[in-house]
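Dear colleague,

I am passing on the structure we spoke about, together with some notes on what was found in it. Please look through the model first and then read the notes beside it.

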Amino acid sequence: MRGQLTWGIVFFTPSHAHKQITVFDTTLRDGEQTPGISFTLEQKVEIARQLSDIGVHAIEAGFPASSEAEEKTVARICALNLDTKICGLARMLKSDIDVCKRAGTDMVHVFIPTSEVQRVHTIKKSPEEVLEITAATVAYAREQFDEVMFSAMDATRTEWGYLIEAFRTAVNAGATIINVPDTVGVITPCAMRELITRIAAEVPIPIDVHCHNDFGLAVANTLAAVEGGASQVQVTVNGLGERAGNADLAETVMGCESIYGIKTGIDTPRLVETSRLVSRYSGISIPPIQPIVGDNAFAHESGIHSHGVIACTATFEPGILTPEMVGHRRRLKLGKHVGRHAVRQMLTDAHIQVGEQELDEIVIRVKEVSGRGKKITDADLYEIAGSVLGTDVGERAVELIDIAIMTGNHAIPTASVRAIVNGVEHIHSAVGNGPVDAAMKAIVGILPTPITLKDFNIEAISGGSDAIGHVTITVEDAKGRIFDASASGDDIVLASAQAMVNAINLLHRVAKE
Ligand code: KIV
Ligand code: ZN
């Protein structure tokens, strides 16, 4: 055991664990098997580039034999010549392996079920037949590829003696790495660590692990496998995958790096950006409480926590995990639990000076408003401060005069904006992926300095098709300052445009001070 003292806690890296592990990402294969997800070819290319850029060791680009389109996609990713190995998935069929070869993958991942329930009900083969197929197909795969990964599908529900026989058969036939899939996510961390330790004692080649999240244990089980001696982890961005998904890339990588001090080779400050890219393309939003990459991962609202974090960030954050490490930001949030320290800090950051009594009054009003269930943005705080201080925070750099939007099933969504910016009238048009996107781009286009939309959230306040939409957006200016603002209305495009204008006016006000 190796110990590391961090803020009084000793973390141990078990002696079985490797000092460096590799990351095998299957977002484009198991991740795309998430019900309802289908990436376009261009999206897959972009995701593959991103994964390669951040240092993922191998990418499972797809299952080329599943369709002609899939083969083409995998071939296109192979042709990118990325700095990462491209792997194709194949059943125990020579024809599947041939398709991977034709697509140009660097390695092949062959799999066959070994558990009784799957042998009997999915492939209808005897244990002996499974071993024969494994020996013949792995040998064939090895003639075609220098690297062959063998997966004993449903390994964690396979009887121990038979599992080891299957792995030995694959090793003798030329497999270069074995994968231990927890196909239906049923193992526990203690059992996984023990299983991998025992396999490592029997099998002389590297061990990879592939965990599903049916009981919410995919990351814990993956880390336990690393404790037991696995040298490669299979992950997906945002934990996408069959049913409840796979082990999440960011959580697994940061667990290895920060808890155990095991190197993964991943450029961790790009984890948040990677998660957002895949969230956008998959259409699955990142829950605010998602570890590492979620909006709230480094956000603090309650008075005690905010006060602690202002004094020393490690008070209410892990310390061994910081927002900088993963490309995130620490934020103090307003809500009914907010305290004086956080409010003072946020006002000071916006160059608003308040006395003790004024601060008390602002905190009371913030608590009152959020106690009625309203989400309070930075813009709301400055409005409240302005009314308590009796100063004009209503002065507006941008005033929206007109906005016209054209959209339809055959038209490219286009928005034209007429607005007064610092007293001068400006007109600007832009196209977008949808009417809201076009409106946002048209508004940003009239500004003298760039701002970036970081986050966009819309909630329906009432039910029905005439619901009031409440739009909250987060923007960042060129100096890296982040603010949120909101607006409501029965037309969500107009509410979005107004939220953007509110955010711009807020930035202008803060920049002026
Ligand atoms: O979950 C699983 O068993 C798989 C295999 C193909 C490795 O995805
Ligand atoms: Zn899987």
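His212 has a relative accessibility of 4% and therefore counts as buried, where buried means under 20% relative accessible area, exposed over 50% and partly exposed in between, with a 1.4 Å probe and protein chains only. Asp30, at 2% relative accessibility, counts as buried too. Please keep in mind that this is a predicted model, in which local features need pLDDT of at least 70 and side-chain atom pairs count only at pLDDT 80 or more, while totals for chains, interfaces and linings use all residues. Residues are numbered from 1 along each chain as its sequence is written, chains are lettered from A and ligands numbered from 1 in the order in which they are written, and side-chain values use heavy atoms, with hydrogens and water left out.

Because Asp30 lies in the loop between strand E3 (22–25) and helix H1 (41–53), and His212 in the loop between strand E9 (207–211) and helix H8 (218–228), the pair ties together parts that are 182 residues apart in sequence. Helices (H or I, at least four residues) and strands (E, at least two) are DSSP runs, numbered from the N terminus.

Turning to the aromatic rings, the count comes to 2 aromatic pairs, on the rule that rings of Phe, Tyr and Trp (its six-membered ring) pair if their centres lie within 6.5 Å, with planes under 30 degrees apart counted as stacked, over 60 as edge-to-face and the rest as tilted. Phe150 and Phe167 form an edge-to-face pair, 6.0 Å centre to centre with 85° between the planes. Since Phe150 lies in strand E7 (residues 147–153) and Phe167 in helix H6 (residues 160–173), this pair ties together parts that are 17 residues apart in sequence. Phe150 is buried, with a relative accessible area of 0%, and Phe167 counts as buried at 0% relative accessibility. The ring centres of Tyr382 and Phe483 are 6.4 Å apart and their planes at 70°, so that pair is edge-to-face.

Best regards
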